[in-house]
Amino acid sequence: MASEKVEGFAFEQRHGKARVRLGRVWRSLSGGRHNFVEWTVGINLLSNCLAAYVRDDNSNIVATDSMKNTVYAKAKECTQQISMEEFAILLAKHFTSFYEQVTTAIITIVEKPWERVYVDGQPHDHGFKLGSEAHTTEVIVEKSGALCVTSGIQGLALLKTTQSGFEKFVRDKYTVLPDTQERMVATEVTATWKYPFESLSGIPLQPSYFTERYLDVKKVLVETFFGPSRGGVYSPSVQNTLYQMATTVLNRFPDISSIQLKMPNIHFLPVNISSKDNPAIVKFDNDVYLPTSEPHGSIEATLSRMRAKM
């Protein structure tokens with residue numbers, strides 16, 4: 001965000017509308033199939049409205065209520081189903097072209113995970129149930145046409161009951177955790193990945209591009225975490241598993257320039273219960289656990305492609 005000089009100070013500002021909730025149904029006129037999305041949209045505009053802050057002059061402010069109304073108006077104009085990345089780009093292009101004073105638009109969208117219902121093995125025409133992980137995006141468009149598109153996943157909960165260990169870590173006077181080659185591992189993945197497109201002209205033309213890439217990345221993350229269906233793959237640490245997941249995504253998809261993964265280590269604690277009279281009310285044998293949510297380990301990393309030097 002660019003700063004402006006105001007009375008000897010550096011001043012940065014933006015304004016927008018948060019948590020604009022939108023539901024959109026697209027109805028097929030031929031087959032009766034309906035498609036549905038629920039999005040929570042955030043808008044931030046960088047604009048030349050300094051006078052509103054320092055001189056009580058609102059003449060260059062785009063009202064946040066107008067921003068909210070624009071979301072619904074543009075959704076109405078989308079007569080064909082589009083991805084939320086495409087919708088974010090559409091909104092950002094509108095704000096930077098329609099308003100002369102707006103230099104940059106930042107659009108964020110979180111999609112509520114409604115999934116089509118299957119009845120007797122067949123997809124229902126208009127029935128949906130709520131899933132778990134959410135699809136996210138952030139789009140930044142400048143008036144010049146410069147573009148930055150980031151997509152992601154929130155709340156991707158993964159757990160495996162074996163094929164995980166943790167050993168040979170730093171030991172000091174505060175350490176009580178034993179080495180193990182057999183433990184349960186669970187996490188809730190937050191992933192964000194950046195596309196290499198730097199201008200509006202570089203956006204792929206295929207209509208389902210962003211949605212397909214989201215599903216592809218999610219599939220790769222899940223499969224890398226678990227390994228083959230028979231036997232799985234051993235994880236010596238959450239750190240190592242995170243790195244394997246990130247490298248697999250970048251190696252598989254050349255149209256992704258970087259990926260950030262946040263993977264908390266959510267603990268399932270062994271249960272041992274004893275008393276003076278009964279020393280083995282419950283004796284842990286990799287079977288009975290106490291699920292916890294906090295405190296948890298916090299592991300995150302970003303993997304990016306190296307740009308060739310000119």
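Helices H4 and H5 are oblique to each other. Their axes come within 9 Å and cross at roughly 140 degrees. This is a predicted model. Its open sheet is formed by eight strands, and H4 packs on that sheet. The points below start with the helix pair, then turn to the sheet, the hairpin, the backbone and single residues.

**The helix pair H4 and H5**

- H4 covers residues 209–226, and H5 covers residues 238–252.
- The crossing of the two helices is right-handed.
- H4 brings Val217, Val220, Leu221, Thr224 and Phe225 to the contact. H5 brings Thr241, Gln244, Met245, Thr248, Val249 and Arg252.
- Sorted by class, this contact has six nonpolar residues, four polar ones and one charged one.
- Why is the pair called oblique? The crossing is roughly 140 degrees, and angles over 145 would count as roughly antiparallel, so H4 and H5 are classed as oblique.

**The open sheet**

- Strands pair in a sheet through backbone hydrogen bonds, in a parallel or antiparallel way.
- Here the order is S3-S4-S5-S8-S9-S10-S11-S14, and the pairing is antiparallel.
- Which strands stand at the edges? They are S3 (15–27) and S14 (300–304). Each has a single partner strand, so one side of each is left without a neighbour in the sheet.
- On average, neighbouring strands of this sheet are turned by 15 degrees against each other, direction ignored.
- S4 (residues 34–47) and S5 (residues 102–111) pair in the antiparallel sense over nine bridges. Within this pair, Asn44 stands opposite Ile106 in S5.

- S6 (residues 114–119) and S7 (residues 122–130) pair in the antiparallel sense over five bridges.
- Trp114 stands opposite Leu130 in S7.
- Two residues lie between the strands of this hairpin. In it, Asp120 takes a positive phi near 55 degrees.

**Backbone points to look at**

- In general, most residues other than glycine have a negative phi, and most peptide bonds are trans.
- Asp56 is not a glycine, yet its phi is positive, at about 60 degrees. Asp56 lies in the loop between helix H1 (50–54) and helix H2 (64–77). Its relative accessible area is 70%, so Asp56 is exposed.
- Asn286 also has a positive phi, near 55 degrees, and is a residue other than glycine. Asn286 is found in the loop between strand S12 (268–270) and S13. With 42% relative accessibility, Asn286 counts as partly exposed.
- Which residues does a cis peptide bond join? They are Glu294 and Pro295, with omega at about -5 degrees. Pro295 lies in the loop between strand S13 (289–291) and S14.

- Ala18 is in strand S3. Is Ala18 buried or exposed? Its relative accessibility is 62%, so Ala18 counts as exposed.
- Leaving aside neighbours within four places in sequence, Ala18 is in contact with Val41 and Gly42. Ala18 and Lys68 are 50 residues apart in sequence and 8.7 Å apart in space, C-alpha to C-alpha.
- His34 is found in strand S4. Its relative accessibility is 19%; the cut-off for buried is under 20%, so His34 counts as buried.
- Beyond four places in sequence, the contacts of His34 include Val25, Trp26, Arg27 and Ser28. Arg116, Asp125, His126 and Phe128 are also among them.
- Gly131 is found in the loop between S7 and S8. Its relative accessible area is 27%, so Gly131 is partly exposed.
- Apart from neighbours within four places in sequence, Gly131 is in contact with Pro113 and Glu115. Gly131 and Lys276 are 145 residues apart in sequence and 47 Å apart in space, C-alpha to C-alpha.

Terms used: Residues numbered from 1 in each chain as written. Predicted model: local features only at pLDDT ≥ 70, side-chain atom pairs only at ≥ 80, totals over all residues. Heavy atoms only, no water. Axes fitted to C-alpha atoms, helices over the stretch in contact; angles between N-to-C directions. Helix = DSSP H or I, 4+ residues; strand = E, 2+ residues; numbered from the N terminus. Parallel < 35°, antiparallel > 145°, perpendicular 65-115°, else oblique. Left-handed = near helix turned anticlockwise from the far one by under 90°. Contact = heavy atoms within 4.5 Å. Nonpolar A, V, L, I, M, F, W, Y, C, P; charged D, E, K, R; others polar. Pairing = 2+ DSSP bridges. Buried < 20%, exposed > 50% of the residue type's maximum accessible area, 1.4 Å probe, protein only.
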